[in-house]
Amino acid sequence: MRTPVTIIGAGLGGLTLARVLHVHGIPAEVYEAEASPTARLQGGMLDIHDYNGQLALEAAGLMDEFQGIVLEGRQALRVLAIDGTVLFEKEDDGTGGRPEAQRGDLRRMLIDSLPEGTVRWGYKAVGARTLEDGRHEVTFDDGRTVVAELLVGADGAWSRIRPLLTDATPEYAGTSIVETYLYDADTRHPGVAKTVGGGSMFGNGGDQGLSINAHRETGDTLHAYVELGKPLDWFDTVDFADAEAAKARIAAEFDDWAPELTTLITDSDIPPIHRPAYTLPFGLRWDRVPGVTLLGDAAHLALANGEGANLAMLDGAELGKALAARPGDVEAALAEYEQAMFVRGETPLDEDFLLESIFGDEVPEQLLSLFEAAQRKS
């Protein structure tokens, strides 16, 4: 296969696809809306799982490089009740299957593994159409266009490539995340730093639709994810332009929670960031359209559960391998990839396997109840 694969979106899934194609000698061109790799903060920590994300990195030939960006000790885990009681605690002994890395470091690793010029920065896709000859044309916000023999939409939740395949659009899932950051936590916020511990901390309100979770990122930065099961119009009443007012309004929803947890909201060193959660219909499928497909959130956007980035990378790796295995029959490769991807997206992880992956062999009964409540919400 000598025709370049045109990939829209330089997220982890699109970059993994480009890398696996490169490993197999297949050219790719990646078009990304951001102006440069450093145009914005690339999110927080990611745990890369041995049953999906690491398989993708193995296919990309990047496991050694990945080990070089893993943050030691970050697989430590604490689960707290809303009164601050520690329900579960696990140290990072180096044997876990979910090593943590910063999303930005992971993205940079993938970019650096590609030939120079593979990623074209500053190309924001605004639409796509099928031409009379069956190829697909993508239009960018400045009027430039590119015509693709093989087009892959790796452009996330609001994909501009998806409409070539389906009219499905994301819908609000009834819950939102509010992000906060506490910098230099060990010296400036020692109490909450002790509460979070050395890795991840989860504080789950069960059926309340509330949770306060946090990661210890590079250095002693704490990155919190505060979940509230509220309609979008509720968030419209929060003045996020007034940082102190927004922090107070969000924290008020947790008035019966321990202060060592709510401090992650009230002491934030940045204004709270509202991130509504959207999902695509569960089990979304489409009929095969020649010369185009999707991966990651463009194909199966779901509630955040730690699997999204891992699945996007696995999608990219599996698509790259399928194309490499059938260089003379692209349509057969795409059909094979899509069918496997559809099944993967419709098949939830075995609950016992997932619990053991996260917590180990013995899970306290109280944690099981919290986990079941979280599963009901999702």
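**Working through the model**

Student: Which residues does Arg-216 touch, leaving out those up to four places away in sequence?
Tutor: Arg-216 touches Met-45, Arg-74, Asp-186, Ala-193, Val-196, Gly-197, Gly-198, Gly-199, Thr-221 and Leu-222, where contact means heavy atoms within 4.5 Å. This is a predicted model, in which local features need pLDDT of at least 70 and side-chain atom pairs count only at pLDDT 80 or more, while totals for chains, interfaces and linings use all residues. Residues are numbered from 1 along each chain as its sequence is written, and side-chain values use heavy atoms, with hydrogens and water left out.

Student: OK, and where is Arg-216 placed?
Tutor: Arg-216 belongs to strand E14, residues 210-216; helices (H or I, at least four residues) and strands (E, at least two) are DSSP runs, numbered from the N terminus. The side chain of Arg-216 also reaches the backbone oxygen of Ala-193, at 3.3 Å.

Student: Why does Arg-216 count as buried?
Tutor: Arg-216 counts as buried because its relative accessibility is 10%, and the cut-offs are under 20% relative accessible area for buried, over 50% for exposed, and partly exposed in between (1.4 Å probe, protein chains only).

Student: Changing topic, what pLDDT does the chain average?
Tutor: The chain averages a pLDDT of 91, and 91% of the residues score at least 70; pLDDT is the predictor's confidence in each residue, from 0 to 100. Over residues 374-378, however, the pLDDT is below 50, and this stretch has 8 contacts in the model beyond near neighbours in sequence. Where pLDDT is low, the predicted coordinates should not be read in detail.

Student: How many residues are in the largest nonpolar core?
Tutor: The largest nonpolar core has 66 residues, and Ile-7, Phe-66 and Leu-106 touch the most other members. A nonpolar core here is a set of buried Ala, Val, Leu, Ile, Met, Phe, Trp, Tyr and Cys residues joined through side-chain atoms within 4.5 Å. Apart from that core lies another, of 26 residues, among them Val-178, Ala-224, Leu-261 and Ile-265.

Student: And what is Leu-106 in contact with?
Tutor: Once neighbours within four places in sequence are set aside, Leu-106 is in contact with Leu-12, Leu-46, Ile-48, Phe-66, Ile-69 and Met-313.

Student: How many salt bridges are there?
Tutor: The count comes to 22 salt bridges, each being a side-chain nitrogen of Lys or Arg within 4 Å of a carboxyl oxygen of Asp or Glu. One of them joins Arg-98 to Asp-47, with the closest N and O atoms 3.0 Å apart. That pair links distant parts of the chain, 51 residues apart, with Arg-98 in the loop between strand E5 (86-90) and strand E6 (100-102) and Asp-47 in strand E3, residues 45-47.

Student: Are Arg-98 and Asp-47 buried or exposed?
Tutor: Both Arg-98 and Asp-47 are buried.

Student: What about the salt bridge of Arg-275, which residue is its partner?
Tutor: Arg-275 pairs with Glu-179, and their closest N and O atoms are 2.3 Å apart. This pair also links distant parts of the chain, since Arg-275 is in strand E16 (residues 273-279) and Glu-179 in strand E12 (residues 171-182), 96 residues apart. Arg-275 counts as partly exposed at 42% relative accessibility, whereas Glu-179 counts as buried at 8%.

Student: Which residues form a network of salt bridges?
Tutor: Glu-32, Glu-34 and Arg-107 are linked in such a network.

Student: Now a helix, please: which residues of H8 are buried?
Tutor: In helix H8 (residues 243-252) the buried residues are Ala-246, Lys-247, Ile-250 and Ala-251. They lie on the same side of H8 because they cover an arc of only 125 degrees around the axis, the arc being that of the directions from the helix axis to the C-beta atoms.

Student: What do the buried residues of H8 pack against?
Tutor: They pack against E12, strand E15 (222-228), helix H7 (232-236) and helix H9 (259-266).

Student: Last one: what is the phi of Asp-184?
Tutor: Asp-184 has a positive phi of about 50 degrees although it is not a glycine. Asp-184 is placed in the loop between E12 and helix H5 (185-188), and at 41% relative accessibility it counts as partly exposed.

Notes
A polar contact is a pair of N or O atoms within 3.5 Å; within protein, one must be able to donate a hydrogen and the other to accept it, and residues adjacent in sequence count only if both atoms are side-chain atoms.
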